[in-house]
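Let's take a friendly walk through a protein model together. Have the structure open beside you and look up each residue as it comes along.

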Amino acid sequence: SEMCIRDRKYTQYATDSVKDYKPSKIGDTWVADETVIEIDGNNVWLWDIIDYDTRFLLATRISRSRTTQDAQMLYDRAVKTAGKEPDKVITDKLASYLDVRYGKDTEHIQGKPFAVEDNTQMIERFHETLKQRTKVMRGLKNIDTAHDFMDGWLVHYNFFRPHSSLPNDMTPAQAAGIRFPFHNWKDVVEQ
């Protein structure tokens with residue numbers, strides 16, 4: 001429909017507009033997590049890797065499988081976004097993470113992804129955000145629509161959504177040292 005085409009155009013514009021903004025304050029501990037949802041009768045995997053300090057979502061992807069190659073692609077995208085390798089990557093016990101080629105000085109810790117320290121507010125907030133996203137995604141018709149949604153969600157999560165677990169309710173982009181000219185989707189649309 002016309003509205004869907006317009007929404008995709010805005011999402012594409014927002015996605016394109018953030019590409020030139022690179023974080024400068026990414027921390028050294030990253031947390032990776034994945035979950036499965038059903039789209040159009042098929043299981044797909046949602047992968048996320050965030051910087052623990054800034055909550056910046058370094059990479060997100062969707063796949064039909066959960067192989068080492070899928071985990072490697074997630075990690076490689078995160079390194080490209082951050083412009084560096086982390087000191088630690090914390091994952092759950094999914095075997096796909098075991099054979100990922102991490103940086104030579106990067107420690108891979110398997111366990112509970114958020115067992116960095118007792119920061120339950122951050123954990124609960126991130127999990128709640130993921131639940132909201134997956135709830136919406138269950139209503140999507142196909143994987144192409146899901147990819148569009150994921151692109152828009154990354155922009156929303158990093159650049160527009162304040163986080164109560166960050167100082168002064170900053171966005172992850174602000175915490176990561178990014179000065180982004182838009183404050184919300186309305187700004188993007190009006191641009």
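Start with D28, which is partly exposed, with a relative accessible area of 32%. Keep in mind as you explore that this is a predicted model. The side chain of D28 meets that of K84 in a salt bridge, with 2.8 Å from N to O. D28 sits in the loop between helix 1 (2-18) and strand 1, while K84 belongs to the loop between helix 2 and strand 4 (88-91), so this pair ties together parts that are 56 residues apart in sequence. K84 is partly exposed too, at a relative accessible area of 26%.

**The salt bridges**

Side chains of opposite charge can pair when their charged atoms come close. How many salt bridges are there in this model? The count comes to three. Here they are side by side:

| Salt bridge | N to O distance |
|---|---|
| D28 and K84 | 2.8 Å |
| R61 and D70 | 3.1 Å |
| K104 and D105 | 3.5 Å |

Now compare their surroundings. Are R61 and D70 buried or exposed? R61 counts as buried, at 9% relative accessibility, and D70 is buried as well, with a relative accessible area of 7%. For the pair K104 and D105, the picture is one of exposure: K104 is exposed, with a relative accessible area of 80%, and D105 counts as exposed at 60%.

**A charged residue without a salt bridge**

Next, find E34 in strand 1. E34 is buried yet has no salt bridge. Leaving aside neighbours within four places in sequence, the residues in contact with E34 include W45, W47, D92 and Y97.

**The nonpolar cores**

Let's move to the greasy side chains. The largest nonpolar core has 29 residues. Which of them have the most contacts inside this core? They are W30, I49, F56, L58, Y75 and F159. The elements that each give two or more residues to this core are strand 1 (29-39), strand 2 (42-51), strand 3 (57-63), helix 2 (68-82) and helix 4 (143-160). Helix 2 provides the largest share, six residues.

Leaving aside neighbours within four places in sequence, L58 is in contact with I26, W30, I49, I50, D51, R77, A78, T81 and A82. There is also a second, separate core of 10 residues, with I37, I62, L140 and M150 among them.

In the loop between strand 1 and strand 2 you will find D40. The phi of D40 is near 55°, a positive value in a residue other than glycine. D40 counts as exposed, at 57% relative accessibility.

N168 has a positive phi of about 55° although it is not a glycine. Its place is the loop between helix 4 and helix 5, and N168 is exposed, with a relative accessible area of 78%.

T171 also lies in the loop between helix 4 and helix 5 (172-175). Is T171 buried or exposed? T171 is buried, with a relative accessible area of 7%. Not counting residues up to four places away in sequence, T171 touches N158, F159, F160, R161, P162 and L166.

**Stepping back**

Finally, zoom out to the whole protein chain. There are six helices and five strands in it, and along the sequence they follow the pattern α-β-β-β-α-β-β-α-α-α-α. Of the 191 residues in the protein chain, 48% are buried. Among contacts with a separation of 6 or more, 56% are between residues 24 or more positions apart. The protein chain exposes about 10400 Å², and carbon and sulfur atoms supply 47% of that area.

Definitions and conventions
Residues numbered from 1 in each chain as written. Predicted model: local features only at pLDDT ≥ 70, side-chain atom pairs only at ≥ 80, totals over all residues. Heavy atoms only, no water. Core = buried A, V, L, I, M, F, W, Y, C linked by side-chain atoms within 4.5 Å. Buried < 20%, exposed > 50% of the residue type's maximum accessible area, 1.4 Å probe, protein only. Helix = DSSP H or I, 4+ residues; strand = E, 2+ residues; numbered from the N terminus. Contact = heavy atoms within 4.5 Å. Salt bridge = Lys/Arg side-chain N within 4 Å of Asp/Glu carboxyl O. Lys, Arg positive; Asp, Glu negative; His and termini not counted. Areas by Shrake-Rupley, 256 points an atom, 1.4 Å probe, with all protein chains shown as cover.
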